[in-house]
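Colleague: I have a few questions about this one. Can we go through them with the model on screen?

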Amino acid sequence: MPDTAVSIVMEYKDGSTESQSPNDFVARFVYVKGNGSIFESDPNSNSVGRYLGSAGDSTITTGNHFAWEVLDKKDTSLYYIDSITGDIIMQKNFPRSHP
């Protein structure tokens, strides 16, 4: 579930969920290929849809995963959480833009 994926990321980032708000995160279900390619997916059917882009890195297992993509809106980091195991399989940090 997306709420569980957000909780996993919050716990990973600072060891607790108390200092952050779930409203600081957005989650969506995706299919991640081992090479880092990201595709749309539906959690009800596990279908693989259109190509969304590449995370630039391979997954930690180099395998394919149905996963929750969790965006931390505060620091613009993306986390990919395996939908079965709850493991973080990939992380991507975006540089902050300067005014």
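Colleague: Where is the place of Ile 89?
Modeller: Keep in mind that this is a predicted model. Ile 89 has its place in a strand that covers residues 88-93. That strand is β6.

Colleague: Is Ile 89 buried or exposed?
Modeller: Buried means under 20% relative accessible area. Ile 89 has 2% relative accessibility, so Ile 89 counts as buried.

Colleague: How far apart in space are Ile 89 and Asn 64, C-alpha to C-alpha?
Modeller: In sequence, 25 residues separate Ile 89 and Asn 64. In space, their C-alpha to C-alpha distance is 9.8 Å.

Colleague: Which residues does Ile 89 touch, not counting those up to four places away in sequence?
Modeller: Contact here takes heavy atoms within 4.5 Å. With residues up to four places away not counted, Ile 89 touches Val 32, Thr 59, Ile 60, His 65, Ala 67, Tyr 80 and Asp 82.

Colleague: Now Ser 41. Is Ser 41 buried or exposed?
Modeller: Ser 41 sits in strand β2, residues 37-42. Its relative accessibility is 17%. The cut-off for buried is under 20%, so Ser 41 counts as buried.

Colleague: Which backbone oxygen does the side chain of Ser 41 reach?
Modeller: Ser 41 is in contact with several residues beyond four places in sequence, including Phe 29, Asn 46 and Phe 66. The side chain of Ser 41 reaches a backbone oxygen at 2.6 Å. That oxygen belongs to Ser 47.

Colleague: What pattern does the protein chain follow along the sequence?
Modeller: The chain has 1 helix and 6 strands. Read along the sequence, the pattern is α-β-β-β-β-β-β.

How values were computed. Residues numbered from 1 in each chain as written. Predicted model: local features only at pLDDT ≥ 70, side-chain atom pairs only at ≥ 80, totals over all residues. Heavy atoms only, no water. Helix = DSSP H or I, 4+ residues; strand = E, 2+ residues; numbered from the N terminus. Buried < 20%, exposed > 50% of the residue type's maximum accessible area, 1.4 Å probe, protein only. Polar contact = N/O pair within 3.5 Å; in protein donor to acceptor, adjacent residues only side chain to side chain.
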